[in-house]
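Notebook open, structure loaded. I wanted to look up a few charged contacts and then step back to the overall build.

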Protein chains: 2
Amino acid sequence: METPELTEKISDCLKEGNVEGIKEMLSSIHSSELAALIQSLDQEERSKVLNSLDAETASEIILELEKEQRQEILGELDHEKIADIVEEMDSDDATDVIGELPKDTAKVVLEKMPPEDVWEVETLLKYPKDTAGGIMQKELVQVIRDSTVRDTIAWIRLIADEVQDFNEIYVTDDSDKLFGIVSLKRLILANPMIKVGEMMEQVVVTVTPHVDQEEVANIFKKYDIVSLPVVDENKRLLGRITADDVIDVITEEASEDIYRLAGAGQYVHPIYTPTLTRVKLRLPWLLLTLFGELFIAFVIAHAFKPTLQRVVILAAFMPAIMATGGNVGLQATTVVIRGLGMQTIILKQTFKVIISEMRLGLSLGIICGTIAALIGALIGIHEPEVIKIALSIFIAMTSATIATAFMGAAEPLVLHKLKFDPAAACGPFVTMFNDIFGSIVYLFIATIIF
Amino acid sequence: METPELTEKISDCLKEGNVEGIKEMLSSIHSSELAALIQSLDQEERSKVLNSLDAETASEIILELEKEQRQEILGELDHEKIADIVEEMDSDDATDVIGELPKDTAKVVLEKMPPEDVWEVETLLKYPKDTAGGIMQKELVQVIRDSTVRDTIAWIRLIADEVQDFNEIYVTDDSDKLFGIVSLKRLILANPMIKVGEMMEQVVVTVTPHVDQEEVANIFKKYDIVSLPVVDENKRLLGRITADDVIDVITEEASEDIYRLAGAGQYVHPIYTPTLTRVKLRLPWLLLTLFGELFIAFVIAHAFKPTLQRVVILAAFMPAIMATGGNVGLQATTVVIRGLGMQTIILKQTFKVIISEMRLGLSLGIICGTIAALIGALIGIHEPEVIKIALSIFIAMTSATIATAFMGAAEPLVLHKLKFDPAAACGPFVTMFNDIFGSIVYLFIATIIF
């Protein structure tokens with residue numbers, strides 16, 4: 001059934017008070033489709049539907065929603081129901097949801113949850129959201145070295161309900177210190193009487209909880225792993241990070257890079273977020289550029305007015321020079337930022353990368369400069385000093401592209417070297433630098449030539 | 001040991017002809033570190049090292065390298081060695097590497113490989129690289145419905161070497177039609193005499209081989225899965241896609257979006273790629289913008305020259321109007337493209353998203369326009385018609401931001417509706433539109449006002 005059709009049938013059932021009918025209709029649909037459905041219902045209907053669903057299904061739906069909608073919908077449920085729903089989640093997801101609740105709601109919900117879940121959530125809440133600790137879950141299978149394969153299988157049977165998905169067993173000593181890993185595949189093929197300590201594999205890589213989530217994602221990519229143990233500085237096992245969480249992290253980090261490059265702050269949904277919040281996210285970057293551009297206006301008005309007054313047509317080509325330089329700079333910045341993020345460019349290559357981008361900038365500048373100068377000569381064919389105009393265009397465009405290629409490549413590398421996030425201020429900053437440099441060089445050269 | 005130190009020791013061993021020494025030194029290092037090491041050696045040394053390593057380690061190193069370097073290094077090895085190395089890879093990786101080789105080398109290498117590997121690679125080579133078929137692997141564990149748990153475990157024991165990492169068994173009939181999935185966890189806990197057909201779980205989601213890899217990534221995100229079966233139109237099992245491949249896909253697709261937004265074509269490494277190749281990637285976008293900007297020059301020179309001649313200071317504020325409008329447009333485009341890519345914005349929301357972005361554009365335009373008009377009035381304080389200048393700036397900036405917010409939001413949505421990739425032409429296109437619109441509206445308004 002399509003969503004609109006289903007929505008209508010559910011409305012009918014709600015009117016009839018037919019809760020069983022709703023349950024039956026929804027039982028065969030995956031939670032991600034249910035989430036889409038819930039969003040198409042009105043406020044009263046969706047509370048009724050969520051209350052009629054079992055806590056596990058409701059928890060899956062809640063996790064599929066956008067953050068803003070999740071907060072809205074949870075706000076409509078009573079604390080008891082929220083506690084039931086959160087209990088069904090893995091500890092990492094439960095922590096995220098509780099972390100998003102208003103402080104006093106979170107406190108009441110935690111009071112209604114079983115003590116062991118509360119302990120897990122409170123432990124995880126201590127780590128910043130964007131670190132290994134913030135994305136790890138406490139649910140995992142851990143056995144001590146002396147356990148036999150048979151003991152291990154018996155243990156898995158006991159905790160099978162609590163730990164949903166896992167493909168490896170962590171082997172520790174009795175103080176939780178991590179010694180090795182046994183894959184389920186090895187466990188299945190092993191002699192039941194062998195000790196796991198004798199058949200375990202070496203731990204390839206671990207992280208401590210304060211490692212940044214982008215670094216965690218890079219470890220997954222580098223080692224082609226699907227789960228990663230998190231340990232403290234004494235190698236004691238604290239939790240594990242799974243590939244599906246990393247997929248979310250990579251998507252999130254890539255979006256962050258994109259938004260920052262475009263000076264759009266961070267991701268918020270265009271429909272579900274108030275305009276004022278979005279103005280606050282985007283305005284700073286606009287103002288940064290705006291003040292740069294107004295500085296240009298100031299310089300032109302005070303230093304180059306006589307040149308422009310004499311040859312007014314020069315003004316017509318300012319946009320072309322600024323846009324071309326800006327594009328070359330943005331291309332360089334983008335390639336370098338993404339290369340740094342994916343670790344295909346390393347700091348040791350700084351000099352080579354900058355030289356390489358400047359060489360490219362020069363090539364592009366000569367091509368674009370020649371075209372612009374020729375077309376500029378055609379457009380200004382009736383001007384008395386057309387050759388001088390074309391020459392100014394060519395020199396300014398070539399200088400602008402080299403300079404912005406240099407800035408575009410060097411700025412993220414320098415920010416990275418200084419331990420700042422290279423994507424933080426680059427896009428708008430490079431544009432501003434370029435526009436100031438491009439327009440002033442252009443008018444300066446023109447002033448000299450004329 | 002650090003890389004430079006290790007490089008030196010390896011050079012020493014090579015001089016002494018001490019192959020065993022090299023092997024020992026390298027045995028404890030992960031392939032991703034080995035790959036970094038190989039890159040620091042010169043051509044002669046690295047061939048010797050790769051030839052001295054066993055095929056499995058060499059295959060892991062080869063897969064860690066950048067595409068350009070991989071092609072270079074494989075070009076230095078003989079065909080026999082390449083065949084040995086490729087044989088060790090999973091079928092999806094082997095297919096990628098063979099697909100990158102020159103046609104005649106690929107043919108010779110395939111002739112030297114075992115027939116069953118050749119069949120797998122040739123089957124996979126038929127699918128485009130960026131589809132489900134192009135990223136799936138043929139290695140998987142498949143049993144028929146009537147097999148008992150004990151049979152299944154015996155079968156796993158037989159193929160354990162060939163299928164490296166798996167967490168689920170695919171249950172089919174004898175014509176390969178997929179019926180269900182059994183996780184290793186369930187298998188471990190099951191009664192050995194039960195038939196897998198009786199304990200299997202329903203298949204949540206499958207894809208056909210021609211589904212785009214971006215869609216595959218979205219399925220992984222939506223269903224929080226770590227592997228996905230690929231089937232033909234008759235539900236016959238063809239292969240599987242694993243989370244680590246999807247992590248690579250997401251990274252790749254995010255980079256593609258970023259490069260396209262910035263008009264940088266696609267990712268190539270700045271150091272390892274010839275300048276000419278990079279000029280070809282970047283120039284088209286620069287030319288697109290350049291011709292737009294030269295059109296502006298043409299219009300200004302022919303239509304607005306008298307206005308500029310009368311009030312030359314107007315030219316000083318063109319950059320500010322164009323840059324602000326351009327930034328607002330780029331912000332809107334970026335948010336919409338990324339939202340479409342992550343499927344948090346759906347086509348049904350087109351109208352709402354466009355209205356929401358235009359409202360935001362208006363707010364940002366009023367704020368920036370007011371600031372620019374005030375500062376403009378200060379800069380032009382000695383001009384006789386300073387109020388008219390400020391008014392032109394304000395009206396032009398506000399109109400430009402609404403128009404580019406509209407264009408920025410609408411263009412990717414329309415491209416998406418028409419089944420084009422919304423990121424394909426957006427960045428440079430929005431900039432060009434904005435610059436043309438912004439500068440012409442500005443001078444048009446100024447011409448009317450004065």
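I looked up B:Arg310 and found it exposed, at 52% relative accessibility; exposed means over 50% relative accessible area, buried under 20%, and partly exposed in between, with a 1.4 Å probe and protein chains only. This is a predicted model, where local features need pLDDT of at least 70, side-chain atom pairs count only at pLDDT 80 or more, and totals for chains, interfaces and linings use all residues. Residues are numbered from 1 along each chain as its sequence is written, chains are lettered from A and ligands numbered from 1 in the order in which they are written, and side-chain values use heavy atoms, with hydrogens and water left out.

Which side chain does B:Arg310 meet in a salt bridge? I found B:Glu385, at 2.8 Å from N to O; the cut-off is a Lys or Arg side-chain nitrogen within 4 Å of a carboxyl oxygen of Asp or Glu. The pair ties distant parts of chain B together: B:Arg310 lies in helix α17 (275-310), B:Glu385 in the loop between α19 (350-379) and α20 (386-417), 75 residues apart. Helices here are DSSP runs of H or I with at least four residues, strands are E runs of at least two, and both are numbered from the N terminus. I noted B:Glu385 as partly exposed, at 23%.

B:Glu385 also has a salt bridge to B:Lys388, at 3.6 Å from N to O. B:Lys388 is partly exposed, with 32% relative accessibility.

Next I checked chain A. A:Lys388 and A:Glu385 form a salt bridge, at 3.7 Å from N to O. I have A:Lys388 as partly exposed at 32%, and A:Glu385 as partly exposed at 23%.

Then I looked across the chains. A:Arg278, A:Arg282 and B:Glu357 are linked in a salt-bridge network. My search of the whole structure gave 20 salt bridges over all chains.

Stepping back, I counted 21 helices and 5 strands in chain A. The C-alpha trace of chain A spans about 95 × 60 × 40 Å along its principal axes.

How much of chain A is buried? I got 58% of its 450 residues. Of the contacts (heavy atoms within 4.5 Å) in chain A with a separation of 6 or more, 67% come from residues 24 or more positions apart.
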